[in-house]
Amino acid sequence: MGNRVFDAVLCDLDGVIRFYDLTEVTRLERAAGLAEGITAEIAYAPERDLPLLLGQISRAQWATSIADALADRIPAPQADELAAVFAHAPFRADQDAVELLREVRGRMPVVLVTNATAWLDEDLALLGLTDLADHVVNSSRVGIAKPDLEIYRIAAERAGVPAERCLFVDDTQANIDAARAAGMTAVLYRDLQIFAKGWHRRLNRSGRRWPASHVTGTDVSS
């Protein structure tokens with residue numbers, strides 16, 4: 001362990017590493033006279049989203065549930081198109097975040113802990129990120145979603161270190177609160193530069209520095 005503060009980093013995927021492009025969804029919403037963001041609001045409602053994240057329904061079934069809800073507002077053909085486009089929205093990885101996590105993995109285990117779909121492995125392959133982490137704890141595979149405390153226990157077990165030696169990073173406050181309840185140190189992710197600076201101050205005590213582009217901003221991770 002040396003003088004390290006943590007022995008593993010557990011990291012969320014969406015909102016930290018992966019980001020969706022909803023440009024076409026927004027265009028279709030405007031064309032249909034819908035408020036921007038209503039499709040996401042409908043899609044991520046717990047009664048539709050949670051079964052998907054627990055591996056209980058398919059992408060097609062999820063899209064159908066979105067379309068059914070949208071059909072109360074717009075004609076069915078438009079609802080079907082909008083739901084399908086949303087369910088297959090393109091995505092990208094933040095390459096700076098990827099670079100930082102690869103650096104982290106060179107020092108200690110990295111585990112992705114994500115509320116994700118059954119096709120996550122395919123998505124990671126498309127992004128070229130199948131080797132980003134030592135392990136992936138995917139809610140749809142383990143049948144448990146954040147913020148259930150059990151998923152944090154599983155993640156720490158996969159990392160091979162006690163919960164109190166884990167640093168957990170997520171962009172959702174409820175998930176952060178649960179990680180702390182599980183005994184972990186948790187950082188609410190808002191900005192890569194801020195997080196990277198905090199990482200450098202709290203973990204990188206050997207004198208090695210991250211590239212300058214990674215260590216600017218105000219540190220809020222203490």
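Predicted model: local features only at pLDDT ≥ 70, side-chain atom pairs only at ≥ 80, totals over all residues.

Reply: Residues are numbered from 1 along each chain as its sequence is written, and side-chain values use heavy atoms, with hydrogens and water left out.

Me: Why is Ala 31 called exposed?

Reply: Exposed means over 50% relative accessible area, buried under 20%, and partly exposed in between (1.4 Å probe, protein chains only). Ala 31 has a relative accessible area of 59% and is therefore exposed. Ala 31 lies in helix 1 (residues 23–31); helices (H or I, at least four residues) and strands (E, at least two) are DSSP runs, numbered from the N terminus.

Me: What makes helix 4 and helix 5 oblique to each other?

Reply: Angles run from 0 to 180 degrees between N-to-C directions, with axes fitted as lines to C-alpha atoms, for helices over the stretch in contact. Under 35 degrees counts as roughly parallel, over 145 as roughly antiparallel, 65 to 115 as roughly perpendicular, and the rest as oblique. The axes of helix 4 (residues 59–70) and helix 5 (residues 76–87) cross at roughly 140 degrees and come within 8 Å. The two helices are therefore oblique. Their contact (heavy atoms within 4.5 Å) involves residues including Trp 62 and Ile 66 of helix 4 and Leu 82 and Phe 86 of helix 5.

Me: How do you know that strand 6 pairs with strand 7?

Reply: Two strands pair if DSSP finds at least two bridges between them. Strand 6 (residues 166–170) and strand 7 (residues 185–188) share 4 bridges and are parallel, with Val 187 as the bridge partner of Val 169. The chain passes from strand 6 through helix 10 (residues 173–181) to strand 7 in a right-handed β-α-β crossover; that is, with the strands pointing away from the viewer, the path from the first strand over the helix to the second runs clockwise.

Me: What makes strand 5 and strand 7 the edges of the sheet?

Reply: The open sheet has 5 strands in the order 5-4-1-6-7, with parallel pairing. Strand 5 (135–138) and strand 7 each have a single partner strand, so one side of each is left without a neighbour in the sheet. The twist averages 20 degrees from one strand to the next.
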